Amino acid sequence: MSHFLTYNVLTATVASAIAYSSYFLLAALGETVGQRSGVLNLGVDGIMLIGAFGCYYVALETGNDWLGVLVGMGIGVVLGLLTAFMSVTLKAQQGISGIGVFIFGLGLSDLLFVRFVGTPLPVSPLPNVAIPLLSKIPAVGRMFFHQSLLVYLAFLLVPAISFVLYHTNYGTKVLAVGENPAAADSLGISVTRIRYSTVLFGSMMAGLAGATLLLLDGIFQEDLTQSAGFIAVALVYFGAWRPAGVMSGSLVYGIVTAVVLQWKSLGIIPTSAADLAATAPAIVTILALVVVAGRYKAPTELGKPYVRGA
Amino acid sequence: MKNEMKEGGSKMRSKSLKYRWLVPLVTVVALVSTVLVTAAPANATPKKTLKVALVAPSAVNDLAFTQSMVAALNGLKKSYNLKISITDNEFVVADAANVIRSYAKKGYNLVIAHGSQYGSTLQQLAPKFPKVSFAWGTAGSTFNEPNIYAYEAESNEGGYVQGYMAGMLSKSHTIGVIGPIDVGDAQLYCDGFKAGVLAEDPTATVHESFTGSFSDVTLMSSAAKAYVADGADVLTGSSQSVVGAIGVAKTSSVAWFGTQWDQSTLAPAEVVSSQVYNWKPVLEQIFTGIRAGKLGGATYDISLGNNGEKIAFNPSYPLPANVKAQAQKLIGEIVDGSLTVAQ
């Protein structure tokens, strides 16, 4: 325990927690927007996986991480089109079609990795950027203001998406489509167009989340996300479909993940209990979900395809 | 009657005289054959092809465990007349079991299950295919099966040498050791490395952890980050999953010691040296045994002493001369037996 309570380890643990939170947050924010419009996308994890592989492969071949990030987001958009086509146009059962996208992503990313790479050669992780002045604050600076640009982006998107959802015409339409698509339709709002846009945005965010995860360590491996996409979907419920709430959930998950990894590495958690300890983040999230989510109401039309006149 | 016998006797004598010229011919042929056989080199290519299958957990170019075995097999391909088939990336034991069974059914002479995790699979399969030879490692047990070979790497030896060097190089006196699962050569290496550090610097803090996975690159990376955060300035690790940890060593500019394969290409400025496996001594004994009809029941190992292991110093790393000299002295002592590294 004494090792864990040193200044260096504590600050590094919190800094890791912030970094771990970022990819959950990006995926969950995208899913939040989609769910607010009434579309449940359970394919987030699969999109993250293919986005991460796309980012990895491009970064490995070109040495350009940012090009990899763009490719990851582009893959997200393409898979978003597929998801939206199934969920919105074909009106498929959203849970099942999402699981299909997940399985597709899991299998394809592994296949491409084995076929085109094989050995998980590292790419350069994104460098940490120190925020002037703020990064000089003792302890706090190292924990919060010495992160990669994608981590900052994830947290900056929280107020940005809140603003769009609650203070813009487009956000009002999204919320209306999620709560009462028939009424929105009667007002001339295209439910299909709104839902396509939110699903595309959410999937692009999932691809970005995969790229962010990849560039934390600069390594790809089979099932890199280890169900992070499903955790992100759970965090949307945890956060009661509000960006700020989703951020809180992501931070809780990130902190527990970082602490468990740190304790395992430093021998505070014995090897025999390591597997049990690894489940801690999920258990904490589920408990928090039970406590928090039950108090809030989901978007009324969540998961229901819209059929005019039905 | 006597005359008939006489006639018969003279006929036989005349026949034997008739073929008398065959005697020197047969003698010459026998002599030439003997000379040819005895003069042939001991490693002459056997005529019968030995069909060898390798089932490995990671990629053939993993810069670690699998690549070391693939290189050794390919190196012996001609001299032992091998037909080699390889299935890699079989981290999932159940999938690997199907592949191993499939090779055995296809009549391969030897199926190498290259991973400590495959032991129970071989224990179940070997009795069902008594004419097929199986080999697995790193491990010490053949399960008393007559058609299972086991092989081990005395990685504690190179681990000790590199640990001693780490102790000399570390300025923070804090060193991180990361293993996958505490079995086989991974366990031996980590134990040896730790012993080497403490032999040189008894006051050093040596963090050691096992991720519980041979394949999880990110867990190994996370452990490396934790150690660097705690002040470690030297790291090492074993298994195919070290690439992430090497990445951490690279971005944090801390020294890295490799094992199983030369890992200097992954971080030329940080990798000090690597313990490189060469499985040829093990494979040669197994191939010779199979050709002699012995399908298993023995355990072989590679070590610094039989050239199955060597320490490859990274020429790009500015290693102080005294550290390198000490390492070479320790290697010499291990090879000549004056230093024994405990297991």
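Which residue forms a salt bridge with Lys225(B), and how far apart are the closest N and O atoms? In this predicted model, the partner is Asp217(A), with 2.6 Å between the closest N and O atoms. A salt bridge is here a side-chain nitrogen of Lys or Arg within 4 Å of a carboxyl oxygen of Asp or Glu. One such bridge is counted between chain B and chain A.

The model is predicted, with local features requiring pLDDT of at least 70 and side-chain atom pairs counted only at pLDDT 80 or more, whereas totals for chains, interfaces and linings use all residues. Residues are numbered from 1 along each chain as its sequence is written, chains are lettered from A and ligands numbered from 1 in the order in which they are written, and side-chain values use heavy atoms, with hydrogens and water left out.

The contact between the chains (heavy atoms within 4.5 Å) involves 25 residues from chain A and 27 residues from chain B. About 2100 Å² is buried between them, and carbon and sulfur atoms contribute 57% of this area. In chain B, the residues that lose the most area to chain A are Thr218(B), Ala229(B) and Asp230(B), which together account for 20% of what that side buries. Buried area denotes the accessible area (1.4 Å probe) that two parts lose on being put together, summed over both.

Six residue pairs are in polar contact across the interface, both residues being at pLDDT 80 or more. A polar contact is a pair of N or O atoms within 3.5 Å; within protein, one must be able to donate a hydrogen and the other to accept it, and residues adjacent in sequence count only if both atoms are side-chain atoms. On the side of chain B that touches chain A, at least two residues each come from strand 7 (205–210), helix 8 (217–229) and helix 9 (243–252). Helix 8 of chain B gives the most, with 10 residues. Helices (H or I, at least four residues) and strands (E, at least two) are DSSP runs, numbered from the N terminus. By class, this side of chain B has 10 nonpolar, 12 polar and five charged residues. Ala, Val, Leu, Ile, Met, Phe, Trp, Tyr, Cys and Pro count as nonpolar, Asp, Glu, Lys and Arg as charged, and the others, Gly among them, as polar.

Buried means under 20% relative accessible area, exposed over 50%, and partly exposed in between (1.4 Å probe, protein chains only).

Within chain A, Ser162(A) lies in helix 6 (residues 149–167) and is buried, with a relative accessible area of 16%. The side chain of Ser162(A) reaches the backbone oxygen of Val158(A) at 2.9 Å. Leaving aside residues up to four places away in sequence, Ser162(A) touches His167(A) and Pro243(A).

Backbone geometry was also examined. In chain B, Gly137(B) and Thr138(B) are joined by a cis peptide bond with omega of about 10°; Thr138(B) belongs to the loop between strand 4 (133–137) and strand 5 (148–153). Lys91(A), not a glycine, has a positive phi of about 60°. Lys91(A) sits in the loop between helix 3 (65–89) and helix 4 (94–116) of chain A and is partly exposed at 34% relative accessibility. Leu133(A) has a positive phi near 70°, lies in the loop between strand 1 (129–130) and helix 5 (140–144) of chain A, and is exposed at 73% relative accessibility.
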